[in-house]
Amino acid sequence: MFSIDQSKYLFVSIVLFLIGVSGIFLNRKNIIILLMSIELMLLSINFNFIIFSVFLDDILGQLFALLILTIAAAESAIGLAILVIYYRVRGTISIELINLMKG
Amino acid sequence: MYLTIIFLPLVGCFFSGFFGRFLSPKGSAFITILGIFIAFIFSLVAFFEVGLSLCPCYIQLLPWIDCELFDASWGFMFDTISVGMCVTVTFISLLVHIYSTSYMSHDPHQPRFMAYLSLFTFFMLCLVTADNFIQLFLGWEGVGLCSYLLINFWFTRLQANKAAIKAMIINRIGDVGLALGVFAAFIVFKTTNFSVIFSLVPYYVNHEIFFFTYKCNAITLIGLLLFIGSVGKSAQLGLHTWLPDAMEGPTPVSALIHAATMVTAGVFLIIRCSPLYEYSESALFIIVIFGALTAFFAATIGLLQNDLKKIIAYSTCSQLGYMVFACGLSSYSVSMFHLVNHAYFKALLFLSAGSVIHALNNEQDMRRMGGLLQVLPFTYCMFVVGSLALMGFPFLTGFYSKDAILEIAYAKYNFIGTFAHWLGIISAFFTAFYSFRLIYFTFVISPNGYKTNMQNAHDAPLLMGLPLFLLSVASIFIGYLTRDLYIGLGTPFWNNAIYTAPQNLSYIDAEFIPTSIKWLPVIFSLLGAILSIFLYHNCKQILYNLTSISLFRYIYAFLNRRWLFDRLQNDFIGDSFLKIGYSITYKKLDKGIIEVIGPKGIINLTTNIGKQVISLQSGLIHQYASLIFVGVIFIVIKITNFNFFHPFIDIHVYFLFIIGLLFTNFFYVKTKTSSK
């Protein structure tokens, strides 16, 4: 085993995650970007799982990564379906206009 | 028998008050009069036993309040002061009862009236026979209550209501003083019983207690506080304004309450507490000052009043001043003598005035009378007898007591005695002047009233005439008959009921003052009377010319408007209190601060905070996301015990921050809502 610093990999995954988060709440226009940011966050988490699975030499992490992969696929499918229906009703997918549910 | 004296009026009141409807006015009048009559007969017997045979009677009836050191029992003490008062009160009350059956015969509420009169008599008897301060206080408040009910008897009249409230409230001001005095007496002596207190007084001469953080001599303090009580009740300077206004009640009421009995309660209190006052020079000093000033100032006001009853009311006030300063000069027995004598001739004057008013169809203004000499000769005679007795005409009742008071004032040979003496002499002059002015305006000058009134005028019927006659007999003879008994040299009558310290004793000095000084009061009185007749009979032109002098007009307005005392009280005291009551205690405190901190403020606070919390949920997804993010970070910090602010801020201050935050929220949002 050649020694590679684990923190460099983790850094990448955390940066990816933060980019995803900031994509969610800095983005005010497009709901598709929002879905993409969510996908990005799920990706970074998957990445995280795999890194730890390799470094801890444990298969459980890769199992979870597979599971999350399927869930992410299902979730983006459902999300896109909702988006399509929403578009059909409102005729727009701008996030700024989704504010009917005020407190 | 002794208890019967006190409780028969109460029984009469009970039957007349509760069953007056079934008894008819005549029946209720009969019952009350019978009760008072028997009480009067028994008081005479009591007077014989206690006063003349020198055997005081104490009746310890039953415990009233009894806890640890404090006990007030229903006890009745019949010593000579009490029986002297009992005879006077029941006699005057009996005559007033009889008089009212005729005077009030056309009134629809006669049973109620008789019930009030009897209730008043009961409370007065309770007051004079009390053997402790608590029971005296009961009687004191009771007569105040009855004066309210009686002044307010014609309750549909606005003025009567206002006068009754005024009487009640100004009396309450004095009663606060009395109550404080009783408390102070209890603190010092640990009892409210007269006999215990009075026997303990010499041991407490230099005792000091704290009053509002000031260290005061206990005896002086008690004396002055009790005197405040009697200032209210006896209408002394400062708290006198209720007495003239109380003339709104029916005339028999004025005769009973505001001449003969209720106002004398204040003087009675001082006389009763003579063993206490004798040990306080300064309290006596204040009493003399107040009494002398009251005598003088009420006499000057009486000069220029135009209401028949108000003149007599002010003369009552003036005579009470005489009694009070006599007390202050340590001549309690003379004061008591004047009190009893005054009751007879003042009741006579009031009832005669009632007879005039009755005859003239309730006309009270003196300027619309005149010429009644031919129409009401009997009332005229009674009025003249009463007035002469009042001004101290030689050998009538008033002469014996009034001259004795003035002689004693002179015989004090110090500043305060001279002060009282001269004010008293001047007041005697004024008294004679206004008495004759009254007679002159009412009876002698040519008629000024309405013709219909004069046509229907009739002299007093039998039931009104009989009390007048009896009172006039008393006004002529009582002073002469009881002089030696009450104030004769070395009389055994008082029998320890009154204590005068040897160094204050001045009866003997009073016998040996120069003859010219002894003549002074009589000379001044006669001068006043002559001046009055002279001015109003012979020199009307002078009076007319005086009206063109502005100084005289100013003096007239000043005296006619009672030294502007009512104005002073209304504008400065009453008005400012009402303003304080409305704008400070009501608007600023009750509706202001307490509301803001209390229910209204909390409601505002919670709704405003709620609105702000609600506004967080804006419906915008990116805001939700950031909130979620911030929330997650906070939870993580909390879970990991990572305290970010700890190096900068003491954790204990967080509480204040949160409270402050709430209040900034509150005020911020409040201004926003108010601008809408």
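Helices here are DSSP runs of H or I with at least four residues, strands are E runs of at least two, and both are numbered from the N terminus. Before I start: this is a predicted model, where local features need pLDDT of at least 70 and side-chain atom pairs count only at pLDDT 80 or more, while totals for chains, interfaces and linings use all residues. Residues are numbered from 1 along each chain as its sequence is written, chains are lettered from A in the order in which they are written, and side-chain values use heavy atoms, with hydrogens and water left out.

**Entry: H240(B)**

I looked up H240(B) and found it in the loop between helix 7 (218-233) and helix 8 (242-245) of chain B. Is H240(B) buried or exposed? H240(B) counts as buried because its relative accessibility is 0%; the cut-offs are under 20% for buried, over 50% for exposed and partly exposed in between, with a 1.4 Å probe and protein chains only. I then checked its contacts (heavy atoms within 4.5 Å). Setting aside neighbours within four places in sequence, H240(B) touches A235(B), F297(B), C317(B) and F565(B). A polar atom of the H240(B) side chain also lies 3.4 Å from the backbone nitrogen of G238(B).

**Entry: chain A by itself**

I went through chain A and got three helices and zero strands, in the order α-α-α from the N terminus. The radius of gyration of chain A is 17 Å, well over the 13 Å that the globule rule gives for 103 residues, so chain A is more spread out than a compact globule. That radius is taken over C-alpha atoms, and the rule is 2.2 Å times the number of residues to the power 0.38. Along the principal axes, I noted a C-alpha trace of about 55 × 25 × 25 Å. Of the 103 residues in chain A, 27% count as buried. Among contacts in chain A with a separation of 6 or more, 59% are between residues 24 or more positions apart.

**Entry: where B meets A**

How many residues of chain B are in contact with chain A? I got eleven, against 13 residues of chain A. The two chains bury about 990 Å² between them, 73% of it on carbon and sulfur atoms; buried area is the accessible area (1.4 Å probe) lost on putting two parts together, summed over both. I621(B), H622(B) and F629(B) supply 49% of what chain B buries against chain A, more than any other three residues. Helix 26 (residues 621-639) gives the most to that side of chain B, with six residues.

Conventions. A polar contact is a pair of N or O atoms within 3.5 Å; within protein, one must be able to donate a hydrogen and the other to accept it, and residues adjacent in sequence count only if both atoms are side-chain atoms.
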